[in-house]
Number of protein chains: 2
Amino acid sequence: MPLPERLLISKIARAAGLASERSRKQKLSRKFNARPITGIGDDCAVLRATAETNLLVTTDFSLEGTHFRREWHPPESVGHRCLARGLSDIGAMGGEPLTAFLSLALPPKIPQQWVDRFFRGLLKLAREFGVSLAGGDTAQSESGVLADIIVIGAVPKGRAVLRSGAKPGDRIYVTGALGGSAATLNLLFSKRKKLDPKTFPRHFFPMPRIRVGTVLRKNKIPSAMIDISDGLSTDLSHICEMSGVGAEIWPQAIPLAKIGKPAAPVELKFALHGGDDYELLFTAPRNTRVPREINGVTLTCIGEIVHGGRMLLVDESGSRAILKPQGWEHFR
Amino acid sequence: MPLPERLLISKIARAAGLASERSRKQKLSRKFNARPITGIGDDCAVLRATAETNLLVTTDFSLEGTHFRREWHPPESVGHRCLARGLSDIGAMGGEPLTAFLSLALPPKIPQQWVDRFFRGLLKLAREFGVSLAGGDTAQSESGVLADIIVIGAVPKGRAVLRSGAKPGDRIYVTGALGGSAATLNLLFSKRKKLDPKTFPRHFFPMPRIRVGTVLRKNKIPSAMIDISDGLSTDLSHICEMSGVGAEIWPQAIPLAKIGKPAAPVELKFALHGGDDYELLFTAPRNTRVPREINGVTLTCIGEIVHGGRMLLVDESGSRAILKPQGWEHFR
């Protein structure tokens, strides 16, 4: 059995750190510096790059069976979600996406029409954010469709918003509303039938919060930021761990997504632990003015950062319960 | 059925070209320019990057069942070959590799020891070329081990060696010897048993020709270059297609790899069509002085570029036969 994901990642980070330490002497190159600023373990790797600009690099798998099902997800949705995962990671650093690369392995019997529609979904989203698809790899898959998206973005030097900057007293914010994607997935699982993507857009066609992320960064609002891809409880635990802090979350303050027709709010558990929302989770010092809305997307305060490493749910009556990271973690 | 790989790639390139045309206005950014110089379809994408440096980006799958088998390939070999694929693409542009990213999906039951040994092989090769592993993704795989390596490299501005520069009259060269990897694979298939990696190093631990590639580029020797990953006949056809030329290959001049114990030369068919050699194939104007050896690696002239689009085998007696691209192409 392999290690759980976060142990595996920290193990890789240690081994890779040793390798890059030893090779530090070289690291070119004629005004382009590829040395990583952050180690492995943020939404993106941050490369020094030029005197004015840091580069952001992120890679994200979209694997049939793990991240989508061909019987549930139309090909346009699979292509859109594939790129959205990468764009969202760039947004979570306050960066602007520049260019994307795609490795795509296809089973021999997949219809070309599926592939065309996959690219239609992916390239439509790429155009929306002015991102070019500049290369990649193709291969034959012995199982399902396997995609890996690589997005390169940029951020002014030293301005990438990391997971590690949260301080006790900071307020915790989320964009939009949570739980819509996981509640939709739950419907798909329980009904075992197709849903109309138009009625459940946040699951089938999530919009990465690039513009909100850059406005926040330009206004120096966030002390730490991450995107909610694995679920609020898990992604918040990453901020807590990297910042060496704890958190208190006010469950009644969490904005619940509304899904279906007529639209009804999702259960709290989906908002607390459901993944694939691609909203932003960030912290800001208590006295920072945080707008209620940026670019039509609401920002909601849902708790505060505290000393210690624990995450707690604190309700209106003041009763407290431990909040465990129960979002989606691979290998578990 | 999806299209054959090269049709699929040109279709993607057209669709992606449209997308990037439309988004051309933006393309940032504070002294870093991510606009691609080449379209999709060379060993790497070339990004403008800075005033002095172009960036190279390549992505390559290593999929269990397609690119390796766990029963044949020790984990160190799988990790080494995974990174070697990416490094070789950087070398084929005359570039220097800087940093790597890895997306890795693992089946739930794989032993952690396998994963540790995979990273040992990958990071040993990374150290050898001063490359850092700066990030990536992990996921659960429902089938076998799935790896996607991303390598970013650099080359002085405008100096990347493309596939498209070959001219009639140019001589065709290869580094090292060909067919060793495919002949080893053939042994593995026919004997259906393990082979000792030490006796077959070029298959299990191929060394990408980075240093040869940079020396060639610095001395402005190659007019076009590619690495031999799909087989000489297929990779030569890429140069011919992108350059709008044909080629005559002298079969008796092709350096045959020697494999096994005692070492014996492989059959010509493996050298002509066998993939995974990771040698360089390049063209140079007829009057260019090409050294016989660079960094201990021999360079051999194996034919010449001609007008028209055909590839021919021309033997010592002068008899001519059509050379079809019969190397490894996915989806066929």
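In this predicted model, L312(A) has I322(A) in strand 16 of chain A as its bridge partner. That pairing belongs to a set of three bridges between strand 15 of chain A and strand 16 (residues 320–322) of chain A, and the two strands run antiparallel. Together they make a hairpin with five residues between the strands. If you look into the turn, you will find G318(A), whose phi is positive at about 95°.

Strand 15 of chain A also has a partner in strand 9 (residues 246–249) of chain A; here the strands run parallel and are joined by three bridges. Within this pair, A247(A) stands opposite M311(A). As for its two faces, strand 15 (residues 311–314) of chain A has M311(A) and L313(A) on the covered one, while L312(A) and V314(A) lie on the uncovered one.

Now for the two chains. Their contact draws 75 residues from chain A and 74 residues from chain B. Several elements of chain A each give at least two residues to the side touching chain B, among them helix 1 (5–22), strand 3 (53–63) and helix 3 (112–128). Here is that side of chain A by class:

| Class | Residues on the side of chain A that touches chain B |
|---|---|
| Nonpolar | 42 residues |
| Polar | 21 residues |

How values were computed
Residues are numbered from 1 along each chain as its sequence is written. Chains are lettered from A and ligands numbered from 1 in the order in which they are written. This is a predicted model: local features need pLDDT of at least 70, side-chain atom pairs count only at pLDDT 80 or more; totals for chains, interfaces and linings use all residues. Two residues are in contact if their C-beta atoms, placed from the backbone, lie within 7 Å. Helices (H or I, at least four residues) and strands (E, at least two) are DSSP runs, numbered from the N terminus. Ala, Val, Leu, Ile, Met, Phe, Trp, Tyr, Cys and Pro count as nonpolar, Asp, Glu, Lys and Arg as charged, and the others, Gly among them, as polar. A residue is buried if 20 or more other C-beta atoms lie within 10 Å of its own, exposed if 12 or fewer, and partly exposed in between; C-beta atoms are placed from the backbone. Two strands pair if DSSP finds at least two bridges between them.
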